[in-house]
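Please open the model in a viewer and keep the selection panel at hand.

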Amino acid sequence: MTGHLQRVLLLIGSPRGSQSTSASLGSYLLSEMEKQGAETGVINLYQYMKSDVGRNDLMDAVNQADILVFVSPLYIDCLPAPVIAALEMIRDRRMVAQPPWRQRLIALVNSGFPEPEQNTTALAIYKQFAKEAEFGWAGGLAFAPGAVINGKPLGDAGFVARNARKSLEIAAGALARGGPVPSGAVKLADKPLVPIWMFLLNANRSWKHQVKDPAVWKEMEKRPFRKTN
Amino acid sequence: MRAVVLDGSRQGDQTSRTAREVLEEQLKENGWKVRSLLLRDMDIRPCDGCLRCWIKHPGLCSGTDQGRMIPGLYITSDLAVFLSPVTFGGYSYQLKKALDRMIPNVLPFFEKFKGEIHHRKRYDAYPKLIAIGVLQKPVQSVEMIFRALVDRNAINFYAPAHAAGFVYGTEDRDTIRLGVRTILSRVGVMA
């Protein structure tokens, strides 16, 4: 690792916290950066944003980091609400005071859809946040579809996660050298983990396994609301 | 015809308040029934991703807060309006906490729609969608992100028509009224 020991903070923006696919992706990047000498820390945004103490601790952690790694699932084409609340708070507090050194930010988005285009707005929002909150934008990676990983450690996720692992390894190396996420890492992250036809088949079948009650399965397409005049 | 307005403004935001007032006036003048939700005053907790609205009691959120009613209000409307300060090019936390609660309105199953993979429809008909972004002054870069986000939401929410537009803190009430009217006309709500 060039320069001084870097402090890398992973900010997980998933309601499933450390059990989430977002955490799997972020933790893999962190472990790759640790191999290169980085000191790392992890914050669960959903937990920290629930209280004043948590929000203050979050800001303290942000102010001590050299590199922030945001990772979140794609919710309604952008970031989950608590992540937006965290970004609003961080931006507002940094307008009052911020560390004198240049901090950088990378964003990882974990999507349920195989097309990388579906993540474009989420990454654009993270980039705009970096600009407004005065972080250096180190780039963004969108992984699709996260359901294949389903919260497993990326190292244990087998062949289907090979491109995600390689992408994060490349990104970690570039970040350690002080550079942005290379286009090669973006291209690997963008590659579907499985072919689209297989994704559709498996994803639609998988719900049958998740719905334990046959009575519920019969009502999966129920419409509980009706328009009235 | 019913309209639901999801107001994601912050306390003290006069421009958003004016935009909501002129929006309500114009819709009511044209015979619409309007239900406005001032989201910051409501008990709406973030979606916890439990997916029970798909796999336990399909179509219904299991939350016990006011967020539970958002999907029903949305799907029984003919027009949905998102009103929000433009926040990093997207929506405010206040609006987004409500939108994240709307996944019961689609099915967990996937299909190809408009050349991409999306969740399948749960209902036959979905409301038209307009989004009004509030900015202090025009900023082209964030307006582009906002428009792209609304375009994507319109696909995932199966909106039969949609439009995005902006009102600015520098504008007076008459200018905001004209702006809102223009946005409404884009989805055929007004001539």
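Which element supplies the largest share of the lining of the second largest pocket? Select helix 2 of chain A, which contributes three residues; helices (H or I, at least four residues) and strands (E, at least two) are DSSP runs, numbered from the N terminus.

This is a predicted model, in which local features need pLDDT of at least 70, side-chain atom pairs count only at pLDDT 80 or more, and totals for chains, interfaces and linings use all residues. Residues are numbered from 1 along each chain as its sequence is written, chains are lettered from A in the order in which they are written, and side-chain values use heavy atoms, without hydrogens and water.

Among the 15 lining residues, A:Y46, A:Q47, A:K50, A:P82 and B:P46 are the closest to the pocket's centre.

Now select A:F129. Leaving aside neighbours within four places in sequence, A:F129 is in contact (heavy atoms within 4.5 Å) with A:F70, A:L87, A:I90, A:R91, A:L105, A:F135 and B:F88.

Finally, move to A:A138, in strand 5 (residues 136-143) of chain A. The C-alpha atom of A:I43, 95 residues away along the chain, is separated from that of A:A138 by 20 Å.

Note on methods
On a 1 Å grid over the protein atoms alone, a cavity is a set of points where a 1.4 Å probe fits but cannot get out, and a pocket is an open set with protein on both sides within 12 Å along at least five of seven lines; lining residues have an atom within 4 Å of a point.
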